[in-house]
Amino acid sequence: QDDQYAPGGLTFTIRNQSDQAAGFTLGDDIKIDTDGFYQDFFVKEILFNDSPATGIYSTATIVCNDLLGIMGRINVVNDSLTQRATIDQIYQEFNSLLPTGTGIQKFGDGDSIAIGDTYTGSVLNRLNQNLVTEQGWLGLYATTCALISRSEMNDLLPATVTFAREASGAY
């Protein structure tokens with residue numbers, strides 16, 4: 001089964017004839033602002049394309065992942081997980097492993113139970129397993145991964161839904 005939630009990415013290319021890429025290091029936080037909505041990405045790699053001779057056409061490509069991409073690179077080995085509600089298990093067991101300044105925010109503990117076991121794998125893989133069980137929702141904003149249990153999703157739905165043939169609601 002494919003992961004329900006896969007990492008997002010950001011890739012951009014800059015001129016690098018005067019070593020502009022030196023301003024970027026692995027793990028740097030790149031903040032994208034779209035009309036007040038912030039999405040953070042973290043530098044994963046820097047690819048250099050140096051042109052010969054004067055280097056006037058040299059570039060550097062900055063490759064970034066979002067917080068889910070970081071979770072996919074955090075691996076645990078024989079981690080003893082406590083049986084808990086699905087979302088609470090992710091929050092309690094893995095929140096402290098995320099980089100400083102990032103985190104998990106939970107809305108509800110979860111309406112299903114995640115088994116307590118010994119787990120080896122990535123944080124993102126376990127998050128996907130628990131969310132498939134929970135049938136909840138995940139959202140990323142800024143440096144936060146929000147996990148919403150299915151019983152808390154009612155707050156996201158409109159009070160009424162009208163199906164009509166016209167945009168005005170008339171039949």
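Colleague: F94 and Y119: buried or exposed?
Modeller: Both are buried, where buried means under 20% relative accessible area, exposed over 50%, and partly exposed in between, with a 1.4 Å probe and protein chains only. Keep in mind that this is a predicted model: local features need pLDDT of at least 70 and side-chain atom pairs count only at pLDDT 80 or more, while totals for chains, interfaces and linings use all residues. Residues are numbered from 1 along each chain as its sequence is written, and side-chain values use heavy atoms, with hydrogens and water left out.

Colleague: What kind of aromatic pair do F94 and Y119 form?
Modeller: An edge-to-face one, with 6.5 Å centre to centre and 65° between the planes. Rings of Phe, Tyr and Trp (its six-membered ring) pair if their centres lie within 6.5 Å; planes under 30 degrees apart count as stacked, over 60 as edge-to-face and the rest as tilted. The count by this rule is two aromatic pairs.

Colleague: Which parts does the pair tie together?
Modeller: F94 is in helix α2 and Y119 in strand β9 (residues 118-122), so the pair links parts 25 residues apart in sequence. Helices (H or I, at least four residues) and strands (E, at least two) are DSSP runs, numbered from the N terminus.

Colleague: How many residues of α2 are buried?
Modeller: Seven of the nine, so α2 is largely enclosed by the rest of the structure. Among the buried ones are T86, I87, D88 and E93.

Colleague: In which sense do β10 and β11 pair?
Modeller: Antiparallel, over five bridges, with β11 covering residues 144-148. W137 has I148 as its bridge partner in β11.

Colleague: New topic. Which residues have the most contacts inside the largest nonpolar core?
Modeller: L68, M71, L127, L138, C145 and L147, in a core of 23 residues. A nonpolar core is a set of buried Ala, Val, Leu, Ile, Met, Phe, Trp, Tyr and Cys residues joined through side-chain atoms within 4.5 Å. At least two residues each come from α1 (67-73), α2, α3 (123-134), β10 and β11. Leaving aside neighbours within four places in sequence, L138 is in contact (heavy atoms within 4.5 Å) with residues including Y5, L68, L131 and A146. There is also a second, separate core of six residues, including I30, F41, V43 and C64.

Colleague: And Q39, buried or exposed?
Modeller: Q39 counts as buried because its relative accessibility is 13%. Q39 sits in strand β3 (residues 37-49). Not counting residues up to four places away in sequence, Q39 touches I30, K31, I32, D66, L140, Y141 and A142.

Colleague: Last one: how many helices and strands does the protein chain have?
Modeller: Three helices and eleven strands. Of the 171 residues, 39% count as buried.

Key: Two strands pair if DSSP finds at least two bridges between them.
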